[in-house]
Amino acid sequence: MQLTAKPLTARVAEPVSKGSIMRDTLDQLEEIETSKGGLLAFLRCASSRHARCHILSMLKRIRDAHRAGRRWEVQQLIRVYLTSYDARLAATNRAFWQMKPHRRPPKKQLASIASGLNAFKGTQEEVRLIFKRKRSNPNAFRPTLDFGIENRALQYLVLSVMHVIADLHPRQFAVRGGVPAAITHVRNAMKGGFLWATEIDIKDCYQSFDGNRIADVIPLPKKVVEGILISRNLNIVTVPGVTVPCTHHVIFGPADTEEKAKLLFAKYLADARQGIPQGSAASPLLAEMLLAPLLDQLPVGSEVAGYVDNFLVLAKDKGAAAATTSTFGSALLAHPVGQLTPKIKSFPLGGPIESLGHRLTARHGVIEVEPSPSNRKKFERTLNRGLAYLKRPTTSPASRARKVRELKRDLRSWTENFRLCDGMEVYRGNWLTKILSASHVMSTVPQPGK
C-alpha cells in the first residue's frame, strides 16, 4: 500500500488545553470510556481542529464496525487510518512531547518523520536496552527498552486504534482511571464486606507472551503486530559506551566472573526480545486486551481489581477467595498466548492489604487508605535528596530553579496518584513548604554577567 505524504509544511502541534477540543468533536466518541485518558491526550496533539475531527471520524468508523462484528471492514478501515497523514502527524507530536528533552529531535523534522512512518513495515530505528532493578528483588534487573521518535510515534499511532477496539473487562483499570480508580474499587468492595484478599501477580508477564500467537487474537493487521507490538523484530542495541566489563561491575556485582557477566548480559538481551516490549506505550493496553477474557471465567461472588498484570481478588469468605484464586491461576497457565505463571500472596482478614503502592485496612467499619510504607519511604528519599541538592551553596540559581520545578512536578504527580489516602493534602503542603524554603538558600556560584 502506497503512503500519500502531504507537503512537509504542516504545523507542529503544541499541547493544548481540554477546552480547545470542542464538545461537538468529543461527542463523536461519547461511548468510548478511554476518550478522557490516553485517547484524548492523543487528540490534543493533532495539528489542527480539522485534523482532529478527521481522526475522530476515522476512529468512530473503526469502533462502529468492530462493535458490529464486521471484521473485514475493520481491517480495511484500520489500514486507511494507519496511512492517514493526520493520524501519523498526531502520533509523531505525541511521541515528541513524551520524550525526554535531550532525546527529542528538532521540531522542524517532525513533519518529515510523520510522512515517512509506515506501520506495516515498522522501523529499523535503534532501540536502547537499559536495566531497571526489580522492586521485589533489588539484586535482579528487568530489561527495559528506550525508544526513539519513530518507534514511539508508531506505538502511539497503533495505540489510538487499540483504544477503540479493545474489549476490556469492567474491572481492568490501567487505561481506565488508573491506580486511583482501582483503589476506589477495592475500597468500595471492602466496605461491602469483601475482606478476604489475595494478590495475583504474573511473573515476567510481558516476556511470557508468545509473539507468534498475538496476531491471532488481536484484531489488527498481522504485519502491524509483528513490526510494532512485539519485541522480536525490534532493532535492540545496548546503550552507547556500555560494555560487558562495565555491565559486570555496575549490574552484576564485583563478585561475578567476567564470563558469568557475559552470560547474564546475553540472557537479559534475549529476554528483551521475548513477548511484548517493556517501555512501549502500547504494551500496557495490549497486555490488558490479552488478559481480559480470563476475567470472564471467574466465579460469581467475588470482586477483582486488575491493573495490567496485577490482580487483587476479594471475597466475603475464605473459601470463595481460594476458589477464585485457583480458577484464575489455572486460566493463566492455560492462556492461549503463552503459559503465564502466577505469583500468589494472601492477606489477613480485613488487611492490611497492600496493592498498587497503597495499604488498605478495615478498622471498626472504616476503610483506611494510606501509601504503603515502602512506597512512602522511597518517595521521601527522593525528595530529601532533592532538598539536599537545593541547600548546597554551590548549586547555581539556574540549576536550583530546574530542581525546584522537578520536585514540584514529582510531588504533584505522587500526591495525585495517592489522592485517596487520608491527609494527603496536608502531606503535600508540608513538603511544598520544605521545597520552597530550600529554594531560597543563597548560591555562592557567580551568575552570568555579574
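**Figure 1. Buried face of helix 8 in the predicted model.** In helix 8, the buried residues are Gly-178, Val-179, Pro-180, Ala-182, Ile-183, His-185, Val-186, Ala-189 and Met-190; buried denotes under 20% relative accessible area, exposed over 50%, and partly exposed the range in between, with a 1.4 Å probe and protein chains only. The model is predicted, so local features need pLDDT of at least 70 and side-chain atom pairs pLDDT 80 or more, whereas totals for chains, interfaces and linings use all residues. Residues are numbered from 1 along each chain as its sequence is written, and side-chain values use heavy atoms, with hydrogens and water left out. Helices (H or I, at least four residues) and strands (E, at least two) are DSSP runs numbered from the N terminus. The buried residues of helix 8 pack against strand 5 (302-307), strand 6 (310-315), strand 8 (353-355), strand 9 (358-363), strand 10 (366-371) and helix 17 (397-417), where contact means heavy atoms within 4.5 Å.

**Figure 2. Span and end of helix 8.** Just after helix 8, Gly-193 adopts a positive phi of about 100 degrees.

**Figure 3. Surroundings of His-185.** His-185, a residue of helix 8, counts as buried because its relative accessibility is 14%. Its side chain reaches the backbone oxygen of Val-304 at 3.4 Å. Apart from neighbours within four places in sequence, His-185 is in contact with Arg-171, Phe-173, Glu-303, Val-304 and Ala-305.

**Figure 4. Surroundings of Val-179.** Val-179 is also located in helix 8 and counts as buried, at 9% relative accessibility. Not counting residues up to four places away in sequence, Val-179 touches Tyr-307, Leu-356, His-358 and Asn-417. Val-179 and Leu-356 are 177 residues apart along the chain, yet their C-alpha atoms are separated by 6.8 Å.

Figure 5. Strands 8 and 9 pair in the antiparallel sense over three bridges; strands count as paired if DSSP finds at least two bridges between them. Leu-360 of strand 9 is the bridge partner of Ile-353. Two residues lie between the strands of this hairpin, in which Leu-356 has a positive phi near 50 degrees. Strand 9 is joined to strand 10 by six bridges, and these two strands run antiparallel. Here Ala-362 stands opposite Ile-367 of strand 10. The hairpin of strand 9 and strand 10 likewise has two residues between its strands, and His-364 takes a positive phi near 55 degrees.

Figure 6. The open sheet has the strand order 8-9-10 with antiparallel pairing. Strand 8 and strand 10 are the edge strands, each with a single partner, so one side of each has no neighbour in the sheet. From one strand to the next the twist averages 25 degrees. Helix 8 packs on this sheet, touching strand 8, strand 9 and strand 10, and its direction makes about 15 degrees with that of strand 9. Axes are lines fitted to C-alpha atoms, for helices over the stretch in contact, with angles from 0 to 180 degrees between N-to-C directions.

Terms used:
Polar contact = N/O pair within 3.5 Å; in protein donor to acceptor, adjacent residues only side chain to side chain.
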